[in-house]
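Trainee: Could we go through this model together? I would like to begin with one residue and its surroundings.
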Amino acid sequence: MALIKLNNQSISAVTALPSGIDTGKVLQVVQTIDKNQGSFALATDTISTMMTVNITPSSTSSKILVRFDAYFGNQSTPAHPYVILRRDGSDIYRANTAGSRKNSTGYAGNMGNENLQCLSNEFLDSPSSTSELAYTLNVAGFASRTFYKNIPDVNSAATCTACSSITVMELAT
């Protein structure tokens with residue numbers, strides 16, 4: 001059933017929520033978009049920066065919501081690309097290690113060379129800072145095998161390119 005009245009008023013007449021409902025505020029939004037295609041051939045355990053976005057929080061109590069979409073393509077011999085989210089060069093959202101598996105923020109896995117895989121994730125950070133912060137999406141692969149950003153390996157009319165992005169939002173608390 002749809003909500004049509006709030007405090008005995010029609011929804012269109014409501015100008016504020018009742019007291020006790022905290023909505024918070026988005027104070028600023030910054031985004032980096034990567035429309036370029038490229039390739040990586042990284043030795044195992046070597047990482048490279050894919051995208052960076054900078055934000056300067058207005059208060060030490062602010063939280064930063066980080067969201068990214070990153071597109072990857074593989075050659076026929078998979079490179080197993082994965083990403084790591086960092087703030088100012090330090091990992092902020094990365095899984096724990098488990099056996100010999102690589103720990104990451106997200107993993108593209110073993111896809112065909114005609115496919116693009118999108119890795120999307122978000123993380124709510126509490127940096128306690130009013131200094132400029134650099135959020136980076138770093139990439140890594142396996143055994144120096146080549147993988148691509150924003151493009152599949154196969155170049156045909158049946159495949160497409162893509163755009164990757166990283167967005168940060170400062171939230172008042």
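Trainee: Leaving aside its neighbours within four places in sequence, which residues is Phe147 in contact with?
Mentor: Phe147 is in contact with Gly38, Ser39, Phe40, Leu42, Phe72, Gly73, Asn74, Ala79, Pro81, Val139, Ala140 and Gly141; contact means heavy atoms within 4.5 Å. This is a predicted model, in which local features need pLDDT of at least 70, side-chain atom pairs count only at pLDDT 80 or more, and totals for chains, interfaces and linings use all residues. Residues are numbered from 1 along each chain as its sequence is written, and side-chain values use heavy atoms, with hydrogens and water left out.
Trainee: Where is Phe147 found?
Mentor: Phe147 is in strand E12, residues 146-149. Strands (E, at least two residues) are DSSP runs, numbered from the N terminus.
Trainee: Why does Phe147 count as buried?
Mentor: Because its relative accessibility is 0%; buried means under 20% relative accessible area, exposed over 50%, and partly exposed in between, with a 1.4 Å probe and protein chains only.
Trainee: How far apart are Phe147 and Ala41 in space?
Mentor: Their C-alpha atoms are 6.5 Å apart, while 106 residues separate them in sequence.
Trainee: Now to the backbone. What is phi of His80?
Mentor: Phi of His80 is near 55°, a positive value in a residue other than glycine. Most residues other than glycine have a negative phi. His80 sits in the loop between strand E6 (63-74) and strand E7 (82-87), and is partly exposed at 23% relative accessible area.
Trainee: And what about phi of Ala143?
Mentor: For Ala143, phi is likewise positive, near 55°. Ala143 belongs to the loop between strand E11 (133-140) and E12, and is partly exposed, with a relative accessible area of 41%.

Key:
Helices (H or I, at least four residues) and strands (E, at least two) are DSSP runs, numbered from the N terminus.
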